There are 2 protein chains.
Amino acid sequence: MIDKLIKKIQKTGAPIVVGLDPTMKFVPEHIKKAAFEEKGETLEGAAEAVWLFNKAIVDSTCDLIPAVKPQIAMYEQFGIPGLAAFKKTVDYCREKGLVVIGDVKRGDIGSTSAAYALAHLGRVQVGSSLCAGFDEDFVTVNPYLGSDGVQPFIDVCKEEKKGIFVLVKTSNPSSGEFQDRLVQDGVTAGAAGEGTGEISFSGRPLYEVVGETVAKWSEQFVGENGYSYIGAVVGATYPEQGRVLRKVMPKSFILVPGYGTQGGTGKDLIHFFDENRLGAIVNSSRGIIAAYQNEKYSKFGSENFADASRQAVIDMITDIDQAFAGVGR
Amino acid sequence: MIDKLIKKIQKTGAPIVVGLDPTMKFVPEHIKKAAFEEKGETLEGAAEAVWLFNKAIVDSTCDLIPAVKPQIAMYEQFGIPGLAAFKKTVDYCREKGLVVIGDVKRGDIGSTSAAYALAHLGRVQVGSSLCAGFDEDFVTVNPYLGSDGVQPFIDVCKEEKKGIFVLVKTSNPSSGEFQDRLVQDGVTAGAAGEGTGEISFSGRPLYEVVGETVAKWSEQFVGENGYSYIGAVVGATYPEQGRVLRKVMPKSFILVPGYGTQGGTGKDLIHFFDENRLGAIVNSSRGIIAAYQNEKYSKFGSENFADASRQAVIDMITDIDQAFAGVGR
């Protein structure tokens, strides 16, 4: 699947992924009106509005982009009907030939992580049948529980030729609260944490240690182009950390959130890529799907929200191209 | 909701929670047969089997216990039908007066965390209506993304008088890989992690730093009995760390997984409690719900699996009582 993603990036010339994170405030009034008239101001109505919104944006942009990244929380908030809209969106995007990255940030231990992996990337045994629950191409995974939590995902990836992106350095302002803490190099087994006194060691931030662990995991399953099925998430808002992590995880594709609304710019992104313009894929959510609400695209009007999204994709590709041109790539 | 949980613990004399984590291998053949005959060897069939299994166990144990903890991964693996069985289980347990802890381990940033919080603890705005997606009483939350990720849950907790348990030290063997790393005391802003050389500081493990942060969060919302709506998860398999964390987070109730099958014993649990036998609630999943598969309870037979579960609950209460008696509480 990493090979498919790379081929699609090369074909479109667009190392970008559109974040399908529809909240009610992004959905134009005429879509909500139609959905609520049919299904009421209910979870079903919200789910229908989300689906109509997504479908229009996908139809309008799918020839320009390699991938989409639906954020499952935005669907889960609408309960079972919302999750059904998530599944419908995933299935529709795959039909359209897009690579689907399920932004689920799941992570647990042992058999529980295995259940999440089967839910989103694999197939579960029911009697003598194998059934797929959601069936994305990639998912995002939280590493806080360590290898026990991540290995079950890797095992399913090998089985299904799918991939994961492990959270390493997230794009939010408080991501440093734990991720930036300088840590010891090795693990002190059984450190009870009381009265350990002064310890001298070379401190590296936790995200770098997590990045090194991702690099080790990534060796397990490498595609034909040299990049692994096991990638990482590093926020566009932390370009300097991106530069370090690009080197720490040479085989890991980096999924880069935080471009646009969160403050990341095209120039910030360069460090996440290798010299062949590969190795990273940049997400934009609100900047694309709610482009029509941005003054820059207001001429489209809310009726033509999907055309505004298309223009925003074209502008994002140009922004990244210009940043590459600036460094002669 | 923390007050309701404590009252129920005091009434039942059982600081325990039954983990409703049904995998197909725990569900007795006669239940699977009935479900598959009705709905086929499909996701719907699996979900029906899970629901029938859960209902029997809840009916058989609900007078003995204060709370249940369904692990959503075990339902999510069966896709939309599985998640519908999760919701049905949550609703049924709440009808029975049980406190429901959704073990969802969600965690994201800003508006995305807010969406998860609304999904599981709150109500989402649809037009002029407020709709609840899943509606548990508590959920578990992953702290890797820092305060941005957790605060939206706390805000919804305040609004809905519900609670969370934040992962601090998990019960799995590899939990130390990141959680036990000794870390610096403060956050070094902008630490790029290269060539920092030797740094001297008092190192405490990351889980303790996370525990201190939970203690700060917990101050925001304290119940009438002195315990906060903001609790923590600490594995029974790490009793020494439990002892430290009990002191670090004096107002946080501790949800303790890892008893039984994962190796934790009654004796290990004492340190997680305060002197009034409060402050902790111990989870057992497989040990209760699949008790009939354990040689100790084989006399019940698979037809009477729910009676075996009831006996296993009684034995677990006795085990904890004896451990308290051993230290004179």
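1. Helices here are DSSP runs of H or I with at least four residues, strands are E runs of at least two, and both are numbered from the N terminus. With that in hand: helix 6 (110-121) of chain A, with strand 3 (99-106), strand 13 (280-284) and helix 12 (286-289) of chain B, each supply at least two residues of the lining of the second largest pocket.

2. This is a predicted model, in which local features need pLDDT of at least 70 and side-chain atom pairs count only at pLDDT 80 or more, while totals for chains, interfaces and linings use all residues. Residues are numbered from 1 along each chain as its sequence is written, chains are lettered from A and ligands numbered from 1 in the order written, and side-chain values use heavy atoms, with hydrogens and water left out.

3. Start with the barrel of chain B. Eight strands close it in the order 1-2-3-6-7-11-12-13, with parallel pairing (two strands pair if DSSP finds at least two bridges between them). Strand 12 (residues 254-256) of chain B runs parallel to strand 13 of chain B, joined by three bridges. There, B:Leu255 has B:Ile281 as its bridge partner.

4. Chain A also has a closed barrel of eight strands, running 1-2-3-6-7-11-12-13 with parallel pairing. Three bridges link strand 1 (residues 16-18) of chain A to strand 13 of chain A in the parallel sense. A:Val18 is bridged to A:Ser284. Helix 10 (residues 239-248) of chain A packs on the sheet and touches strand 7 (163-169), strand 11 (230-234) and strand 12 (254-256) of chain A. Its direction makes about 130 degrees with that of strand 7 of chain A. Axes are lines fitted to C-alpha atoms, for helices over the stretch in contact, and angles run from 0 to 180 degrees between N-to-C directions.

5. Next, a helix pair in chain B. The axes of helix 6 and helix 7 (residues 147-160) of chain B come within 8 Å and cross at roughly 35 degrees. The crossing is right-handed (the near helix is turned clockwise from the far one; left-handed means anticlockwise by less than a right angle). The contact residues divide into nine nonpolar, three polar and two charged. Ala, Val, Leu, Ile, Met, Phe, Trp, Tyr, Cys and Pro count as nonpolar, Asp, Glu, Lys and Arg as charged, and the others, Gly among them, as polar. Helix 7 of chain B also lies across strands 3, 6, 7 and 11 of chain B, at about 150 degrees to strand 7.

6. Now the largest pocket. It holds about 860 Å³ of space. On a 1 Å grid over the protein atoms alone, a pocket is an open set of points where a 1.4 Å probe fits, with protein on both sides within 12 Å along at least five of seven lines; lining residues have an atom within 4 Å of a point. Points are joined across faces, edges and corners, and volume is the space filled by probe spheres set on them. Of its 42 lining residues, those closest to the centre include A:Met74, A:Arg286 and B:Ser111. Helix 6 of chain B gives the largest share, six residues.

7. The second largest pocket has about 600 Å³ of space. Its 33 lining residues include A:Ile109 and B:Asp21, among the closest to its centre. Helix 6 of chain A gives the most to this lining, with three residues.

Notes. Contact = heavy atoms within 4.5 Å.
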